[in-house]
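This report describes the strands, the crossover units and the ligand shell of the structure shown below.

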Amino acid sequence: MGIKYPIFQGGMAWISESGLASAVSNAGGLGIISCVNAGTEVIREEIRKCKEMTDKPFAVNIMLQAPNDAEIAQLVIDEKVPVVTTGAGSPAKYMDAWLAAGIKVIPVVAAASLAVRMDRLGAVAIIAEGGESGGHIGEMNTMALIPNVTDAVSVPVIAAGGIADGRGMAAAFMLGAEGVQCGTRFLGATECIIHQTYKDKIIAAAETDTVVTGKTLGHPVRALKSPFTKKFAAMEKDPSVTPEQILEYGSGSLRKAVQNGDEVYGSFMAGQSVGMVREIKPAAEIISEMVTDAVARLKGGAAWVEE
Ligand code: TUI
């Protein structure tokens with residue numbers, strides 16, 4: 001990959017832009033720009049800004065349920081983006097074009113079955129994301145997901161979901177992963193553009209302060225408990241409310257949290273590792289502390305067993 005540390009910054013919708021991504025890449029990790037926000041031209045600008053702010057590799061994350069995913073799929077080729085990660089579905093239909101353009105493709109999967117298909121289609125690595133994560137999640141949790149995916153594929157696996165410090169990173173390696181992806185931890189990065197209210201909530205939250213809504217819609221999403229999630233959950237239980245009405249209520253809720261800090265209608269997406277995010281600090285410090293602690297823990301890891 002050409003990166004110093006195997007730490008990816010998750011592609012977070014409306015959040016992961018060129019400032020955060022370039023800070024992570026400059027610190028030796030892999031910064032990732034999310035494409036879920038404005039239109040394709042805005043993403044082109046973000047990619048160009050990122051190239052100006054770092055000469056290190058970075059990635060673009062494509063959410064496969066986005067209305068403009070086909071346009072973005074072409075944009076990353078035109079802009080010669082070195083690495084693409086995908087989420088929320090299978091990128092099979094774009095794989096040949098990306099590989100022909102020399103792009104390294106790293107799909108996010110939530111189960112081993114899709115990981116196997118992606119390995120066969122030419123993915124250079126797989127991000128296996130457990131249900132501790134914030135945002136759109138699958139059924140499996142990280143502890144059981146990672147060994148299952150590493151057994152199933154021939155390429156390196158990057159663990160995601162519940163990892164926010166050196167302990168999580170060391171544990172991920174023990175489960176067979178060769179890298180980690182963190183989203184929630186980078187919500188607490190100085191360079192992260194979320195509204196101050198969102199940051200305050202992240203710092204204040206305990207590990208039990210998240211909830212999953214949307215299971216009845218087939219689209220589970222983890223976020224901080226809030227007036228929004230309470231109302232959303234109540235609508236899901238109410239037989240007189242249609243799925244369309246619920247989707248309408250949820251539409252735009254993440255943007256309201258990120259840009260306006262809207263405490264009534266905002267969806268403050270975050271993973272269970274939020275309890276470990278206790279202070280705002282630069283991305284470079286987050287990364288260097290994580291690496292130092294992971295190395296120390298890995299060296300001491302044999303202390304509790306004897307053969
Ligand atoms: O994509 C995510 N997390 C996200 S996307 C997002 S955008 C959004 N979501 C809801 C409301 C408003 C905005 C927020 N969080 N993570 C990657 C991820 N991918 N998690 C789970 C999956 C996944 C699920 C099923 C990947 C593949 C998959 O495959 C289905 C298949 O085709 O086999």
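Is tryptophan 14 buried, partly exposed or exposed? With a relative accessibility of 24%, tryptophan 14 counts as partly exposed, where buried means under 20% relative accessible area, exposed over 50%, and partly exposed in between (1.4 Å probe, protein chains only).

## Basis of the description

The model is predicted: local features need pLDDT of at least 70, side-chain atom pairs count only at pLDDT 80 or more, and totals for chains, interfaces and linings use all residues. Residues are numbered from 1 along each chain as its sequence is written, and side-chain values use heavy atoms, with hydrogens and water left out.

Helices (H or I, at least four residues) and strands (E, at least two) are DSSP runs, numbered from the N terminus. Two strands are said to pair if DSSP finds at least two bridges between them.

## Positive phi angles in two loops

Most residues other than glycine have a negative phi. Tryptophan 14, although not a glycine, has a positive phi of about 70 degrees. Tryptophan 14 lies in the loop between β1 (7-9) and α1 (18-26).

Lysine 80 also has a positive phi, of about 55 degrees, and is not a glycine. Its place is in the loop between α3 (69-78) and β4 (83-87). Lysine 80 counts as exposed because its relative accessibility is 68%.

Strand β2 pairs with strand β3 (residues 58-63) in the parallel sense over 4 bridges. The bridge partner of glycine 31 in β3 is phenylalanine 58. Together with helix α2 (residues 40-53), β2 and β3 make a right-handed β-α-β unit; a crossover is right-handed if, with the strands pointing away from the viewer, the path from the first strand over the helix to the second runs clockwise.

Strands β4 and β5 run parallel and are joined by 4 bridges, with proline 107 in β5 as the bridge partner of threonine 86. β4, helix α4 (residues 92-100) and β5 make a right-handed β-α-β unit. Strand β5 is mostly covered, as 5 of its 6 residues are buried.

Strand β5 (residues 104-109) also pairs with β6 in the parallel sense, over 2 bridges. Valine 108 stands opposite isoleucine 127 in β6, and valine 109 has alanine 128 in β6 as its bridge partner. Another right-handed β-α-β unit is made by β5, α5 and β6. In strand β6 (residues 126-129) both faces are covered: Ile126 and Ala128 on one side and Ile127 and Glu129 on the other are all buried.

## The ligand shell

Which residues come nearest to the ligand? Of the 16 residues around it, these are Ala88, Gly89, Arg117, Glu129 and His136, where a residue is near a molecule if one of its heavy atoms lies within 4 Å of it. The shell divides into 8 nonpolar, 6 polar and 2 charged residues. In this division, Ala, Val, Leu, Ile, Met, Phe, Trp, Tyr, Cys and Pro count as nonpolar, Asp, Glu, Lys and Arg as charged, and the others, Gly among them, as polar.

A nitrogen atom of the ligand is 2.9 Å from a polar backbone atom of alanine 88. For histidine 136, a polar backbone atom is likewise 2.9 Å from a ligand nitrogen atom. In the case of glutamate 129, an N or O atom of the side chain is 3.0 Å from a nitrogen atom of the ligand. The protein covers 72% of the 710 Å² of accessible area that the ligand has on its own, by the Shrake-Rupley method with a 1.4 Å probe. Two or more residues of the shell are given by each of the elements α5 (112-121) and β7 (135-136).

## The antiparallel sheet

An open sheet of 3 strands has the order β7-β11-β10, with antiparallel pairing. Its edge strands are β7 and β10 (210-213), each of which pairs on one side only.

Strand β7 pairs with strand β11 (residues 221-224) in the antiparallel sense over 2 bridges. Here glycine 135 stands opposite arginine 222 in β11.

Conventions. Polar contact = N/O pair within 3.5 Å; in protein donor to acceptor, adjacent residues only side chain to side chain.
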